[in-house]
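Thanks for taking a look at this one with me.

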Amino acid sequence: MAIRISEDGRLIRLETKTSVYQMKTDAFGTLWHTHYGEKTGEDDLSYALYMRQRGHSCNPYEVGMTDRSYSLELIPQELGCFGGSDFRSPALRVRFADGARTLQLRFESCRAENGKYALDALPASYDETGDAQTLTVRLTDAEAKIAVELRYGVFEEADVITRTMRVINESDAPVFLEKAASLCVDFPRGDYELLTFCGRWAKERIPERLPLRQGMNAIGSTRGFSGARFNPSAMLLEQGATETYGKAYGFAFVYSGDFLLEAERDTIVGTRVLLGINPDTFEWKLAPHEAFQTPEALMTFSDSGISGISLRFHRFISRHIVRGTWRAKPRPVLLNNWEGTYFNFDGEKLVQMARRAAEAGVELFVLDDGWFGARDDDKRALGDWTPNEKKLGCTLAELADRIRAEGLQFGLWFEPEAISEDSDLYRAHPDWAVAIPGRKPSLSRYELLLDLSRRDVQDYLIRELSDRIREAKLTYLKWDLNRSLCDRYTASLPAERQGEMPHRYILGTYRVLDALCKAFPDLLIESCASGGSRFDAGMLCYTPQIWTSDDTDPIERLQIQHGTSMIYPVSTMGAHVSASPNHQTGRVTSMKTRATVAMSGTFGYELDATKLTDAETAQMRRQIETFHALYDLLQHGDYYRLLPPDSDSATVWEQAACDGSRALVNIIVHGVRPSPLEKRFLVQGLCDEKNYRISLIDPDDLAKLPPRQQELFGGGILSGRTLRTVGLYVPEGALSREESGDYPSYQILIEQI
Ligand code: GLA
């Protein structure tokens, strides 16, 4: 049993493969958080939490005259609330009809069930393996008549615990929720480091690791969606923890809207981690007997450093977040026309590109922006999802047939949430655009957003997208979003409920996505937001892959994919080979290096295939063959970062089969130097006792190596133990700059013999 409850219901222990999470109700009904981390004995761990009288700490009324050491601000709790004697950042703040805000929640009951809870209208992890159990703990404030249900999904084998909260107004007066975080973990220590994933457009999810300062350490978004500035995920690391060593905690939010992640290092007790909807842009009116459900948050613990967290999240996201047909089915290798043509194409050009791509083995053609309405630039026509037959030279259905006749599946780009002022949709429904009546809204990429908090807008989108999917028999849809949400206002809600609009917008987006997933279960949806600006576990519940970044330069991508890989698996990261010189940076790299990087993502090409030489098309065909041959390893292998992109010499990462039978090592050398230093790395995930054959994937590379290296990389044999402890070095071939560019690459296959 992953969930164990003592007979009196006061001690609750959640156990996963390598972690224990414990909570305990004290004599006053306060629910203590007594442990999260490595496995312990079965003892009640509250004994270890030390409390003594502190100046200016307040005491609950019941103990105020007898025990001055008992203060909520000194107790690690399962749910810190605003207003009582806890002065740390609260997980829950409620404003009552009289303006008061104090909540005093006490334990009421708990129950454990087999299976994983699901959430209404919100994405959540699921379980088809029989691994999960659900714990529900009910807390109540009898005077204020507020009840809270904390729910925990315990995935024993996957080593992940999920948490969500339901707040119920059991009173006869309305109350306003001002803050309702999904996750609250009070650690009894403060000396941690916080690892977050920060960035901007074209530079998403770059890791930043800083010691926790005393006080608040926080990241978040108020842009209406999760955003590129901060990803809704983080790790808390024991000081000195490395990629492979030390204790680490991982957190991720199954939500795509405004979020706030707080790590508050208290000057006395320890660290409180909160993750939830951002309270700065949120308020929710709870009418009598209404309830509010928060999104779900994920947490995991590892005693093998950062990579232990990554491995757990990768497996969990692949098995318990991503769902439907495409969870296990191999994703098609695609050609997207965006960087190949931008808006400048016609139907004939697209067919020629598809023909060339088919020769190289591409399986899916994706027609990006510019196929509809008067969309010949980005100033107009968003919302007019009527095919531009003049530009295409035929109907959309005919174009799709022509592409299919070349042997490719057909996919299409949409930006469903957006609307241009210069569009027929806006002329017909100006009130559907997000704006404050009587005031000019902010523009972004010349566009506005549709008010997806409105049901009529959601229904319109479901109809419109479904029609296009049927008409063109789409097997793939790219769902883009290219601006942030501001000027928040919806005509569908009264003034006192306007604070609900941003969350209702996200619920509306989820409703449209959910309807499409149900109506078209075989449709592959890839989400995108100006590249990777909405990369989160919420979107992954509907869209198995996400375009990682508009930056397609493979050397830039090393950093972006490295950071993204800390939480999200390869099979979720869209990655394409684009033209060289690169459109974003002008950098020249070989097609081999570009493909080596893109293969560690959902693989595709994004260039004008008609401009490729025969030799390049042949190379592309070999790359696609290699990708298919190594598909399971690349997409589902255990992922290890061996040398990071900011190392002086080379970026090296590895995918190893879960049973240790083989591994692929990918290497990008940073710059060609006349007198390079040796670059060594340790191979992970193999069996110590087995022997392995080592070979370079590309035979041309081998011929260019000096003889001793040819012996090693041309079939040399080493034990798993040696590969783990002594490791390999980066081959130093006599590659000419013309052939390899400045960034030579290698792929090394290591197979058990
Ligand atoms: C965004 C996307 C790109 C492309 C363009 C089209 O920037 O990230 O991949 O689809 O929009 O306008």
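Does Gln133 count as buried or exposed?

1. Gln133 has a relative accessibility of 5%, so this residue counts as buried (buried is under 20% relative accessible area, exposed over 50%, partly exposed in between, with a 1.4 Å probe and protein chains only). Please keep in mind that this is a predicted model, where local features need pLDDT of at least 70 and side-chain atom pairs pLDDT 80 or more, while totals for chains, interfaces and linings use all residues. Residues are numbered from 1 along each chain as its sequence is written, and side-chain values use heavy atoms, without hydrogens and water.

2. Gln133 sits in strand β7, residues 132-141 (strands are DSSP runs of E, at least two residues, and helices runs of H or I, at least four, numbered from the N terminus). Leaving aside residues up to four places away in sequence, Gln133 touches residues including Met1, Ala2, Glu113 and Tyr152 (contact means heavy atoms within 4.5 Å). The Gln133 side chain also reaches the backbone nitrogen of Ala2 at 3.1 Å.

3. Now to a helix pair: α3 (residues 347-360) and α11 (residues 614-629) pack at about 55°, with axes 8 Å apart. Helices α3 and α11 are therefore oblique to each other (angles under 35 degrees count as roughly parallel, over 145 as roughly antiparallel, 65 to 115 as roughly perpendicular and the rest as oblique). Arg356, Glu359 and Ala360 of α3 take part in this contact, and Met620 is among the residues from α11.

4. Finally, the domain assignment gives domain 1 (94-321), domain 2 (325-547) and domain 3 (639-752). The C-alpha centres of domain 1 and domain 3 are 39 Å apart.

Definitions and conventions:
A polar contact is a pair of N or O atoms within 3.5 Å; within protein, one must be able to donate a hydrogen and the other to accept it, and residues adjacent in sequence count only if both atoms are side-chain atoms. Axes are lines fitted to C-alpha atoms, for helices over the stretch in contact, and angles run from 0 to 180 degrees between N-to-C directions. Domain bounds come from an automatic or database domain assignment.
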